[in-house]
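Here is a short briefing on charged pairs and a surface patch. Keep the 3D view open as you read.

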Amino acid sequence: MPPSTSEPPNPGQLSPLPGVHRHVTTHDSNGKAVFHSSEPGDWTTYSPSMAFDIIYTTSTSPPNMNNDRDISDHEAVRNSGKLGLVNPGGSVCRIVDFGPSSSEEPAKGIMHRTQSLDYGIVLEGEIECVLDSGEKRVMRRGDVAVQRGTMHEWRNTSTTEWVRMIFVLLDGEKIQIAGQELGEDLSAGGEEVAKALKSQS
């Protein structure tokens, strides 16, 4: 399925998909809604087939939007160099582009678990969501995955088309299953992704 717009890619964007722009609102001194900022996507490349753009973060729940406190907090997080996949005590909104698979090797993602409740929405293309039980679902544009602290990976099985997803991760409590604590697990390669994310922040 072709992209929904001919908007050119952002500078430094890995994929040929349409560029992204972030528009943040605020209030003027009379309480009227105005735009605080409008910026093109700021992409970090993790590998030749994966890149991401951090749209926004919050550091408290609920966020404090008085005097643009949440905007200041977001900028501090972005500049800290410490943001991983999840922002403890808050949230992260992130766009991820997944490149096509090699025609010579089967599609393979990174099996991982974050200590968070995640909403993953497909914006472009088609992708497989694979769980550590072996269960999988094919997701297409408009489909939504609700990841509840589970082990999973994302596989772009197309050999020609890119996939774009937007993720909102909400920090969560550790999960207890039969006396076992299930926290963050990035041992299958997710740690490298987390390092790349920190290089963007």
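The points below cover salt bridges first, then the patch.

This is a predicted model, where local features need pLDDT of at least 70, side-chain atom pairs count only at pLDDT 80 or more, and totals for chains, interfaces and linings use all residues. Residues are numbered from 1 along each chain as its sequence is written, and side-chain values use heavy atoms, leaving out hydrogens and water.

**Salt bridges**
- A salt bridge is a side-chain nitrogen of Lys or Arg within 4 Å of a carboxyl oxygen of Asp or Glu.
- The count by this rule is 9 salt bridges.
- Glu-39 and Arg-22 form one, at 2.8 Å from N to O. Glu-39 sits in strand S2 and Arg-22 in strand S1, so the pair ties together parts 17 residues apart in sequence. (Strands are DSSP runs of E, at least two residues; helices are runs of H or I, at least four; both are numbered from the N terminus.)
- Arg-78 pairs with Asp-42, with the closest N and O atoms 3.0 Å apart. Arg-78 is in helix H1, while Asp-42 is in the loop between S2 and strand S3, 36 residues apart.
- Lys-108, Glu-153 and Arg-155 are linked in a network of salt bridges.

**Burial**
- Buried means under 20% relative accessible area, exposed over 50%, and partly exposed in between (1.4 Å probe, protein chains only).
- Arg-22 is buried at 16%, whereas Glu-39 is partly exposed at 37%.
- Arg-78 is buried at 15%, whereas Asp-42 is partly exposed at 41%.

**Surface patch**
- Tyr-119, Val-144 and Val-146 make a nonpolar surface patch of about 260 Å². (Patch residues have over 30% relative accessible area and no salt bridge; like charges are joined within 9 Å, nonpolar side chains (Val, Leu, Ile, Met, Phe, Trp, Tyr) within 5 Å. Accessible areas come from the Shrake-Rupley method with a 1.4 Å probe, and for residues only the protein chains shown count as cover.)
- Val-146 belongs to strand S9.
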